[in-house]
Structures are given as C-alpha cells and as structure tokens.
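Please keep the sequence and the structure at hand while reading.

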Amino acid sequence: MPRPIAATVDVAAFRHNYLVAKRYAGEAPAFAVIKSNAYGHGLLRCAEAIADCADGYAMLDFAEAAALREAGIRQPIVLLEGGFEAGDAAEASRLGLTLAVHEPGQIRMLELDKVERPVDVFLKLNTGMNRLGFRPDQAAAQFARLRACPNVGRITLMTHFARADDDVGIREALGRFDSAAVPADMPHCVANSAALIRFPEAVRSGGVRPGIILYGCSPMPASHSAESLGLKPVMHLQSRIIDVQQVPAGETVGYGGRFTAIRSTRVGIVACGYADGYPRHAESGTPILVDGRRTGTLGRVSMDMLACDLTDLPEAGIGSEVVLWGRGMPADEVAGAAGTISYEMLCALAARVPVSVLGA
Ligand SMILES: *Cc1c(COP(=O)(O)O)cnc(C)c1O
C-alpha cells in the first residue's frame with residue numbers, strides 16, 4: 001500500500017473562486033494568476049478549469065505559457081516579469097503573449113527583435129515596492145519610447161502594491177501611480193487579490209490580477225476568513241495516523257524534545273512531514289483535523305512525520321484520517337500558526353505527494 005498521504009485539487013472550487021473574483025472585477029478583465037504551477041495546484045488543470053470563462057491568465061514562465069497555448073488556450077497571457085533575453089519578444093509574438101516591461105533592456109528587446117505581430121505590453125511602474133518597474137516620473141518617457149516602437153501593440157500601465165492589505169499603503173501607491181504623465185485613456189491594471197476585494201478604486205479598465213483568492217485563501221487578516229469571502233478551498237492535504245504512543249507526563253515528543261507532556265498524553269503520529277510540504281516551523285498546537293475533529297500538533301515537524309494530540313480523541317487511532325489543510329481546516333489558519341502565509345504552503349506541496357483531481 002502506498003504511503004497514505006495524498007492531495008486533492010478541487011478544480012470545481014477553483015472555478016467557483018474565479019467566478020467570485022470576476023464578480024468583484026465587474027467589467028474589468030480578470031487575469032487568473034497561475035504562476036508557480038498555479039500556486040502548487042497544477043498549471044494546466046487550473047487553466048483548463050476556467051478556459052470557458054477566463055478573461056486571461058498571468059504567469060512568469062515562457063515554457064508554461066507555451067504549454068497553455070499547446071493545450072488550446074487562446075486568451076491573453078501576461079508574463080509578469082516580461083522577457084529575460086534577446087529573442088523573448090519574438091517568442092512572445094509567436095505565442096501571442098503580453099509582456100510586462102519593467103526595465104529599459106526589455107524595451108530594447110522589443111525594438112530589436114524581429115516579430116511576426118506587435119506585442120502587447122504592460123508598462124510596469126514602481127509605486128513603492130522597490131522591486132520591479134520604472135518610477136512614476138519616468139513613465140512618460142518610457143511610454144513614448146514604447147509607443148514609437150512598431151513592434152509594440154496595446155500598452156497597459158501596471159503596478160503591484162507593496163502593502164495591498166493596508167488602506168494607507170494602497171492609497172499612497174495609487175497616488176504615485178496616478179501621478180504618471182501618460183495619456184488619460186490608457187488602460188490600467190493594478191489590483192491583486194487583496195486590492196480587488198478591498199479597494200474598488202483599484203479595479204481599473206485594463207484588468208485585475210487575482211491570485212490567492214482563486215485557491216480559496218484569504219488575502220487579508222484572520223478577521224476576513226476565506227469562507228466569509230465566499231471562497232472554497234481548492235487543495236486538500238490528507239494523510240493518516242500510522243502510530244500511537246502513550247507518553248507519560250514529563251516526557252517529550254519529537255526531535256529536540258520541544259514538547260513536554262504535562263499530563264499523560266496520547267500521541268498520534270501522522271505520515272506527513274516537511275518533505276511533503278508541511279511547514280517545519282509550525283509550533284505545537286498548530287490546528288489539525290483527525291477523524292473530522294480538531295486537535296493540535298505536538299513538537300517539531302520532522303521530514304516525514306508529525307505528531308498530534310489524541311488525548312481527547314479516544315476513538316482515533318492507527319488508520320484515522322487526518323486533514324492537514326483543506327475542507328474543515330483552512331490553510332490560512334495552519335499558515336498563521338506556522339508563522340507563514342498560505343501562499344508559501346500551497347506552493348511548497350512536494351512532488352512526492354500524489355495528487356488527484358476532483359470536480360473535473
Ligand atoms: C503574484 C502576483 C499577483 C497575485 O497576487 P495575489 O496576492 O496572490 O492575488 C498579482 N500581480 C503580480 C504582479 C504578482 O506577482
């Protein structure tokens with residue numbers, strides 16, 4: 001029998017969440033952000049689940065974009081880091097991709113490459129993240145250079161917020177963005193999930209770029225749970241109890257003895273560890289479901305296993321079903337207890353975990 005760990009990706013839930021995002025977007029096109037293998041959920045299965053209703057997609061990698069085209073997907077695809085070297089504008093043209101342009105070398109690429117058809121671009125402004133993009137006072141000059149280039153098609157102005165979960169942060173960044181001296185009728189694309197949900201002013205005609213909400217997680221603090229936003233979890237990570245230890249008071253559990261039993265403790269050992277993608281930094285008490293009931297982890301997560309408290313779950317034992325995250329156990333809650341964010345956990349699902357698809 002295979003090791004009992006397994007992930008399920010519910011593509012019907014993914015589609016539901018995309019339609020939620022589209023409701024927030026109104027008339028603006030919603031580019032589904034499916035970078036990093038669709039946040040660990042599987043690129044093609046997610047892209048195809050919304051192929052009949054998607055306005056477009058956003059990702060990073062030429063090879064992944066080519067895979068979408070080979071799968072017959074015709075919608076716009078935005079490459080969020082643009083081209084990387086000479087020839088990439090030609091490749092984008094051939095595949096019908098839209099390129100972010102965040103540094104002058106990428107404009108040169110568009111000027112020098114021989115392209116079949118003009119390439120649509122997203123001119124990226126740096127509004128405070130200080131990661132990619134031109135400062136707003138350089139926007140007019142970069143826009144003029146792009147507009148003068150016959151290889152360039154439609155130009156959209158974009159930015160990405162450093163503090164999308166904070167009203168002051170978004171207002172400041174939008175103020176900088178809107179100070180750019182570019183034509184007033186130019187389309188804008190600025191909103192990620194958090195901005196889309198919280199900030200109607202960030203929903204602009206050039207589109208929105210929801211990522212994490214498509215995967216059923218909240219981009220906001222715990223007070224705004226994914227469920228309260230009408231989102232459904234997409235990835236479910238399950239395993240089973242493979243051993244049980246009765247640990248006397250005073251003894252410890254796991255590497256480094258990080259958990260000390262203060263009472264006689266019934267410890268369940270789960271076949272899931274950090275090599276499966278479970279966060280190693282999850283503290284004792286990180287929530288976990290055993291036979292549908294909530295309990296907490298105990299001690300350090302090891303490579304292939306973790307421990308949980310079965311003292312108050314006398315019916316549970318070897319073979320009991322465990323949900324690490326998914327239905328009934330929001331990934332956001334586990335991430336919060338582990339000092340990380342759901343994004344990192346979902347992206348980290350390990351290749352050794354078998355994935356089955358639900359709702360296709
Ligand atoms: C990842 C990413 C997004 C999506 O962000 P979420 O917080 O997951 O909605 C949007 N825009 C850019 C440029 C990104 O890199």
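In this predicted model, one aromatic cluster is formed by Phe14, Tyr39, Tyr215 and Tyr343.

| Pair | Distance of centres | Angle of planes | Kind |
|---|---|---|---|
| Phe62 and Phe84 | 6.5 Å | 70° | edge-to-face |
| Tyr278 and Trp325 | 6.1 Å | 20° | stacked |

Where do the partners Phe62 and Phe84 lie? Phe62 belongs to helix H4 (residues 62-70), while Phe84 is in the loop between strand S4 (77-79) and helix H5 (88-95), so this pair ties together parts that are 22 residues apart in sequence. Phe62 has a relative accessible area of 11% and is buried, because buried means a value under 20%.

For the stacked pair, Tyr278 is found in the loop between strand S12 (265-270) and strand S13 (287-290), and Trp325 is in strand S16 (residues 321-325), so the parts tied together here are 47 residues apart in sequence. Tyr278 and Trp325 are both buried.

How many disulfides does the model have? The count comes to zero, and the reasoning rests on a cut-off, since a disulfide needs two cysteine sulfur atoms within 2.5 Å. For Cys272, the closest cysteine sulfur is that of Cys308, and at 11 Å this is too far for a bond. Cys308 is likewise in no disulfide, with the sulfur of Cys272 as its nearest cysteine sulfur. Cys272 counts as buried at 0% relative accessibility, and Cys308 also counts as buried at 0%.

Definitions and conventions. Residues are numbered from 1 along each chain as its sequence is written. This is a predicted model: local features need pLDDT of at least 70, side-chain atom pairs count only at pLDDT 80 or more; totals for chains, interfaces and linings use all residues. Side-chain values use heavy atoms; hydrogens and water are left out. Buried means under 20% relative accessible area, exposed over 50%, partly exposed in between (1.4 Å probe, protein chains only). Rings of Phe, Tyr and Trp (its six-membered ring) pair if their centres lie within 6.5 Å; planes under 30 degrees apart count as stacked, over 60 as edge-to-face and the rest as tilted. Helices (H or I, at least four residues) and strands (E, at least two) are DSSP runs, numbered from the N terminus.
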